[in-house]
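Dear colleague,

Please find below the structure for your files. My notes on its sheet, its cores and its aromatic residues follow.

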Amino acid sequence: MSQSITNLSVGAKIKFGSIYSQPIVWLVAAKNHAGYPSGAITLLTERIVKIMAVDAKEPSNSNSDRKNYGNNRHIHSNILQWLNSPAGAGQWYQSQHAADAPPNSGEVTHNPYTQQAGFLNAFTADEREAILQTTLTVVKSSTDGGGSETFTKKVFLLSTTEVGLANENGIAEGTRLALFTSENSSRLCYPTAAAVANSDYSDSSLAVDKLWSWWLRTPYAPRAHRVRRVFTDGSLLNSNANTGSGGLRPALNLISSLLVSDTTDADGCYTIPWWVPPDMSFNIGGVKKVYDKGWCKVGGVLREIDKVSVKVNGVLEEV
């Protein structure tokens with residue numbers, strides 16, 4: 001049996017998409033959150049799912065900080081482009097501005113990802129379709145003229161405002177999500193075992209049972225190259241954009257019409273029962289043929305099977 005995803009409470013866990021060939025576990029971070037698409041269910045990964053940099057060094061940038069440490073203008077960041085790409089290995093990167101550079105080895109301190117597939121590549125077509133486009137606000141550094149700007153994406157990093165920390169430069173980047181409070185404890189996060197195992201940055205403190213810091217989209221406004229992070233104790237930190245030891249904890253908004261399981265699995269997670277066309281066989285010309293992709297020929301025309309009904313006590317009931 002299934003239930004509406006809107007029935008889930010804030011903090012509930014749900015499996016959606018995958019990374020490193022494993023399901024991603026998300027938390028319901030908010031429901032119908034102000035400024036997000038109407039009725040949307042906001043998800044945030046339960047754990048840090050990857051260790052990576054926000055943006056690479058830009059050798060041709062006239063700004064020396066961005067040349068040596070990466071760019072903190074979020075709309076141009078490597079991480080935002082990668083998060084929203086379904087492209088295959090080595091195909092997601094496209095230059096975002098004249099001085100842009102990909103996150104190759106040597107351009108980020110650790111964990112280069114230019115040759116990897118985009119984050120959405122391992123999501124199914126149904127999963128990608130269920131993610132809503134969200135318009136978000138992000139601060140601009142003094143190098144970029146200050147103030148703020150908006151952008152629209154499916155997958156995004158949270159802001160200092162959204163996680164309950166201080167507004168950068170006095171500018172609110174959205175509003176605080178229901179999952180967070182003003183207490184640092186609400187922001188504490190651990191990495192997954194896969195994130196640790198697939199990181200070329202190694203440290204005794206980077207372990208599945210130890211708290212780790214994670215990236216926000218908010219730039220450190222006084223500088224051209226530093227980006228805000230949530231520190232291991234839940235407080236605010238900032239680091240160079242090309243620091244490849246930061247944690248990735250993305251967020252997204254799902255359509256409210258989705259159905260989820262009415263009970264949790266062995267991991268305490270709800271799952272989405274995506275509809276799968278029935279495996280049906282037909283006797284055609286004396287040969288049994290299986291239409292495993294849900295198609296059959298009707299009146300000489302192939303038509304997709306979108307539902308199956310059976311007669312029970314003289315009444316047709318949908319399977």
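Which residues does Leu254 touch, not counting residues up to four places away in sequence? Leu254 touches Ile5, Phe16, Ala40, Ile41, Leu43, Ala130, Ile131 and Leu132, where contact means heavy atoms within 4.5 Å.

On the basis of the notes: this is a predicted model, in which local features need pLDDT of at least 70 and side-chain atom pairs count only at pLDDT 80 or more, while totals for chains, interfaces and linings use all residues. Residues are numbered from 1 along each chain as its sequence is written, and side-chain values use heavy atoms, with hydrogens and water left out.

Leu254, together with Trp26 and Phe119, has the most contacts inside the largest nonpolar core, which has 37 residues. Such a core is a set of buried Ala, Val, Leu, Ile, Met, Phe, Trp, Tyr and Cys residues joined through side-chain atoms within 4.5 Å; buried means under 20% relative accessible area, exposed over 50%, and partly exposed in between, with a 1.4 Å probe and protein chains only. At least two residues of this core come from each of E2, E3, strand E4 (41-45), helix H2 (78-83) and strand E13 (251-254). Helices (H or I, at least four residues) and strands (E, at least two) are DSSP runs, numbered from the N terminus. A second, separate core has 26 residues, including Ile51, Leu136, Leu158 and Val163.

The open sheet consists of five strands in the order E2-E3-E4-E13-E8, with antiparallel pairing; two strands pair if DSSP finds at least two bridges between them. Its edge strands, E2 (13-19) and E8 (155-156), each pair on one side only. Five bridges join E2 to strand E3 (residues 22-31) in the antiparallel sense, and Lys13 has Leu27 in E3 as its bridge partner.

The aromatic pairs number nine. Rings of Phe, Tyr and Trp (its six-membered ring) pair if their centres lie within 6.5 Å; planes under 30 degrees apart count as stacked, over 60 as edge-to-face and the rest as tilted. Trp92 and Tyr93 are edge-to-face, at 5.8 Å centre to centre and 90° between the planes. Trp92 counts as buried because its relative accessibility is 3%. The pair of Phe119 and Phe123 is tilted, at 5.2 Å and 55°, and both Phe119 and Phe123 are buried. One aromatic cluster is formed by Phe16, Trp82, Trp92, Tyr93, Tyr113, Phe119 and Phe123.

With kind regards
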